[in-house]
Amino acid sequence: MHNDTITPVHSAWQERALCAQTGADFFFPEPGSSVREAKRICGMCEMRTACLEYALANDERFGVWGGLSEKERLRLRRTENG
């Protein structure tokens, strides 16, 4: 039996993102914890735009994606949708 593995298109940017090298703790902190370190790492990452686009397209509701927190992404969606 032959099984093909389907690799999602988004995996290329995820492999190159700085968050892949640092661990999820910074990007998915406990409620009320600071996201400052995650945003600092995102600010240096070349994949930031792709990450944010992915999060918005897939309605990611938790964590820091593309340098924005959950609340910031929600505000961005609201302003884009008028």
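This is a predicted model: local features need pLDDT of at least 70, side-chain atom pairs count only at pLDDT 80 or more; totals for chains, interfaces and linings use all residues.
Biologist: Good to know. How many aromatic pairs turn up in the whole structure?
Modeller: The search finds 3 aromatic pairs. One of them joins Trp 13 and Tyr 54, with 5.7 Å from centre to centre and 55° between the planes, so it is classed as tilted.

Biologist: Where do Trp 13 and Tyr 54 sit in the chain?
Modeller: Trp 13 is in helix α1, residues 11-16, while Tyr 54 is in helix α4. The pair therefore ties together parts that are 41 residues apart in sequence.

Biologist: And Trp 13, buried or exposed?
Modeller: Trp 13 is buried, at 11% relative accessibility.

Biologist: What kind of aromatic pair do Phe 28 and Trp 65 form?
Modeller: Phe 28 and Trp 65 form an edge-to-face pair. Their centres are 6.2 Å apart and the planes make an angle of 80°. Phe 28 belongs to the loop between α2 (19-22) and α3, and Trp 65 to the loop between α4 and α5, so this pair links parts 37 residues apart in sequence.

Biologist: How accessible are Phe 28 and Trp 65?
Modeller: Phe 28 is partly exposed at 42% relative accessibility, whereas Trp 65 is buried at 11%.

Biologist: Which residues make up the aromatic cluster?
Modeller: One cluster is formed by Trp 13, Phe 28, Tyr 54 and Trp 65.

Biologist: Let's switch to charges. How many salt bridges are there?
Modeller: The whole structure has 4 salt bridges. In one of them, the side chains of Glu 72 and Lys 39 meet at 2.6 Å, N to O. Glu 72 lies in helix α5 (residues 70-80) and Lys 39 in helix α3 (residues 36-44), so the bridge ties together parts 33 residues apart in sequence.

Biologist: How accessible are Glu 72 and Lys 39?
Modeller: Glu 72 is partly exposed, with a relative accessible area of 23%. Lys 39 is partly exposed too, at 27%.

Biologist: What does Asp 59 do with Arg 61?
Modeller: Their side chains meet in a salt bridge of 2.6 Å, N to O. Asp 59 is partly exposed at 32% relative accessibility, and Arg 61 is exposed at 56%.

Biologist: Which residue does Arg 77 form a salt bridge with?
Modeller: Arg 77 forms one with Asp 59, and the closest N and O atoms are 3.5 Å apart. Since Arg 77 is in helix α5 and Asp 59 is in the loop between α4 (48-57) and α5, this bridge ties together parts 18 residues apart in sequence. Through shared partners, the salt bridges join Asp 59, Arg 61 and Arg 77 into one network.

Biologist: And is Arg 77 buried or exposed?
Modeller: Arg 77 counts as buried, at 18% relative accessibility.

Biologist: Now zoom out for me. How many helices and strands does the chain have?
Modeller: The chain has 5 helices and 0 strands. Read from the N terminus, the order is α-α-α-α-α.

Biologist: What share of the residues is buried?
Modeller: Of the chain's 82 residues, 28% count as buried. As for the surface, the chain exposes about 6200 Å², and carbon and sulfur atoms supply 53% of that.

Methods: Residues are numbered from 1 along each chain as its sequence is written. Side-chain values use heavy atoms; hydrogens and water are left out. Helices (H or I, at least four residues) and strands (E, at least two) are DSSP runs, numbered from the N terminus. Buried means under 20% relative accessible area, exposed over 50%, partly exposed in between (1.4 Å probe, protein chains only). Rings of Phe, Tyr and Trp (its six-membered ring) pair if their centres lie within 6.5 Å; planes under 30 degrees apart count as stacked, over 60 as edge-to-face and the rest as tilted. Accessible areas come from the Shrake-Rupley method with a 1.4 Å probe; for residues, only the protein chains shown count as cover.
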